[in-house]
Amino acid sequence: MTRDTQGGFEVEAWGIMAKLLAFPMKPFLLLSCAAALASSFTAGCAEIIRPGEIWPDDRGRHIQAHGGGILEVGDVFYWFGEDRSTNNPRGVRCVSCYSSGNLADWTFRNQVLKLADSQETGRILERPKVFHNSKTGKFVMYMHIDGPMPGESGGYKLARVGVATCDTAAGDYKFLTSFRPLGNESRDIGQFIDDDGTAYLISEDRPNGFHIYKLSEDYLSVEKDVCLIREHLEGGAVVHYDGLYYVIGSHLSGWKANPNVYATAKSLAGPWSEFKNIAPPEQNTYGSQSTMLLKITGTKTDSVIFMGDIWKQHTLWDSRYLWMPLEIGGGQLRLPEPHGWAVDVKTGETHLEK
Ligand code: DGJ
């Protein structure tokens, strides 16, 4: 086994075999993995995703894609998020990108954005989300930009979105601009692409609530406020599943976990149902905060994956990920207790470990 360092701690770079042997699995999964291994190291064996653990990339380093989002292009998933490595240059905010074909094994692709602090870009860059515009061919990244107002020395008052673009998914993004969507404050953002391809930005606006904005045709600006839900929710995410929209978000408690909630509606414009907890409230979303709802449309079924962050406020680079397939349908949504699990991205099926 090789060793590597990242973000101030050491993790082991384990091989596929070591992973399979180290993890307790359902016997059938273990057998099928062993059979697959006998013929090939790649064929047919779903890797286990382990919520809350160090998640090593292809280099053996803990993935740095916090507060992130996933963009699916063809058979490839791209995971973008905040890179909180301690060796990033001082005063520079970084976004990293990883790619995967199975959602479990991730290859580091690039630090796609490195943004130096300035009056326009502030000192906070959080929750990057990337859209692909099929008309312009551009990859368009939105992010939360924050910091003091020009002329002030402290605070968290800019409350803007930043926009950066690139011609390829994992290339070097060029920062274009920052603004307040339709003049409204914007802190945590989320992304949603509807079944017809329309792109939406979800945004927390402290004075007013939770917006679902439609992006302009080129995705470079915000065109319309499709819905303002008068609830104060961060880490917002939306999914369309079996004819219903589900919106999810966390209450505002800084880095501390709280009971995340959901509501449903037949249309993005609402009316939205009352908000309910996604897990027993005393569990505080099992220590995590929502960042995205990822729908896997498979040949056999559709699954929705809750993507959350387990923040470690004082060692942000060591923050973990809580991804779990949701129990969802008929207007109900439940986050199961975290377990090891696997997904077959072709069929859409997920398997929980016992
Ligand atoms: C909660 C947000 O969801 C995070 O992205 C981050 O901004 C923390 N607040 C900072 O306290």
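Is tryptophan 311 buried or exposed, and what is its relative accessible area? In this predicted model, tryptophan 311 is buried, with a relative accessible area of 10%.

## Tryptophan 311 and its aromatic partner

Tryptophan 311 forms an aromatic pair with tryptophan 255. The geometry is edge-to-face, with 4.9 Å centre to centre and 65° between the planes. Tryptophan 255 lies in the loop between E16 and strand E17 (261-265), whereas tryptophan 311 lies in the loop between E20 and E21. The pair thus links distant parts of the chain, 56 residues apart.

Tryptophan 255, at 29%, is partly exposed, while tryptophan 311, at 10%, is buried.

## Nonpolar cores

The largest nonpolar core contains 41 residues, of which Ile70, Trp79, Leu103, Trp106, Trp323 and Leu335 touch the most other members. Two or more residues come from each of strand E4 (76-83), strand E15 (234-241), strand E16 (244-250), strand E19 (289-297), strand E20 (302-310), strand E21 (320-325) and strand E24 (341-343). E20 gives the most to this core, with five residues. Apart from it lies another core, of 21 residues, including Leu115, Val130, Phe139 and Ala170. In soluble globular proteins, nonpolar side chains tend to be buried together.

Beyond its neighbours within four places in sequence, isoleucine 70 is in contact with Phe77, Tyr78, Trp79, Leu103, Trp106, Gln191, Met292, Leu294, Met307 and Trp323.

## Aromatic pairs and cluster

A search of the whole structure finds 15 aromatic pairs. One of them joins tryptophan 79 and tryptophan 323 in a tilted arrangement, 4.6 Å centre to centre and with 50° between the planes. Tryptophan 79 belongs to strand E4 and tryptophan 323 to strand E21, so that the pair links distant parts of the chain, 244 residues apart. Tryptophan 79 and tryptophan 323 are both buried.

Trp79 and Trp323 also belong to one aromatic cluster with Trp55, Tyr98, Trp106, Phe108 and Tyr321. At phenylalanine 108, arginine 59 lies over the face of the ring, at 3.8 Å from the ring centre.

## An open antiparallel sheet

Four strands form an open sheet in the order E15-E16-E17-E18, with antiparallel pairing. E15 and strand E18 (276-277) are the edge strands, each pairing on one side only. E17 and E18 run antiparallel and are joined by two bridges. The bridge partner of valine 261 in E18 is asparagine 277.

Note on methods. Residues are numbered from 1 along each chain as its sequence is written. This is a predicted model: local features need pLDDT of at least 70, side-chain atom pairs count only at pLDDT 80 or more; totals for chains, interfaces and linings use all residues. Side-chain values use heavy atoms; hydrogens and water are left out. A nonpolar core is a set of buried Ala, Val, Leu, Ile, Met, Phe, Trp, Tyr and Cys residues joined through side-chain atoms within 4.5 Å. Buried means under 20% relative accessible area, exposed over 50%, partly exposed in between (1.4 Å probe, protein chains only). Contact means heavy atoms within 4.5 Å. Rings of Phe, Tyr and Trp (its six-membered ring) pair if their centres lie within 6.5 Å; planes under 30 degrees apart count as stacked, over 60 as edge-to-face and the rest as tilted. A charge sits over a ring if NZ of Lys or CZ of Arg is within 6 Å of the ring centre and within 35 degrees of the ring normal. Two strands pair if DSSP finds at least two bridges between them.
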